[in-house]
Amino acid sequence: AKQAAVVAGLLDELKQQEIAEKLGISQPAVNQHAQSARWYALNRALHYFEQYVALMLINDAFLKRNSQ
């Protein structure tokens, strides 16, 4: 449950100290939960997906503009 709460906080772009205060745990505990959840990999995948979607939207707009 704490691990999920930590990931939710990180997804909300809270700092680890903010998450720690919200959950009543230490910042090192937040860091440990983030590592256990493989946050670095999840965050990397999310950023990749965001970039991919942005590129697809740009490509779609370009194709629509040039097909008219």
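**Exercise 1.** Determine which element gives the most to the lining of the largest pocket, and describe that lining by class.

*Solution.* Step one: α4 gives the most to the lining, with five residues. The model is a predicted one, in which local features need pLDDT of at least 70 and side-chain atom pairs count only at pLDDT 80 or more, while totals for chains, interfaces and linings use all residues. Residues are numbered from 1 along each chain as its sequence is written, and side-chain values use heavy atoms, with hydrogens and water left out.

Step two: the lining consists of Leu10, Leu11, Glu13, Trp39, Asn43, Leu46, His47 and Glu50, where a pocket is an open set of points on a 1 Å grid over the protein atoms alone at which a 1.4 Å probe fits, with protein on both sides within 12 Å along at least five of seven lines, and lining residues have an atom within 4 Å of a point. The elements that give two or more residues to this lining are α1 and α4 (39–66), helices being DSSP runs (H or I, at least four residues) numbered from the N terminus.

Step three: by class, the lining has four nonpolar, two polar and two charged residues. The largest pocket holds about 160 Å³ of space, a volume being the space filled by probe spheres set on the grid points.

**Exercise 2.** Describe how α1 and α4 pack, and identify the residues that meet.

*Solution.* Step one: α1 and α4 pack at an angle of about 35°, with their axes 12 Å apart; axes are lines fitted to C-alpha atoms over the stretch in contact, and angles run from 0 to 180 degrees between N-to-C directions. Step two: the crossing of α1 and α4 is right-handed, that is, the near helix is turned clockwise from the far one by less than a right angle.

Step three: Val7, Leu10 and Leu11 of α1 meet Trp39, Leu42 and Leu46 of α4, contact being heavy atoms within 4.5 Å. By class, this contact has six nonpolar, no polar and no charged residues.

**Exercise 3.** Find the angle at which the axes of α1 and α3 cross, and list the residues that make the contact.

*Solution.* Step one: the axes of α1 and helix α3 (residues 27–36) come within 9 Å and cross at roughly 95°. Because 65 to 115 degrees counts as roughly perpendicular, α1 is roughly perpendicular to α3.

Step two: Lys2, Gln3, Val6 and Leu10 of α1 make the contact with Val30, His33, Ala34 and Ser36 of α3.

Methods: Parallel < 35°, antiparallel > 145°, perpendicular 65-115°, else oblique. Nonpolar A, V, L, I, M, F, W, Y, C, P; charged D, E, K, R; others polar.
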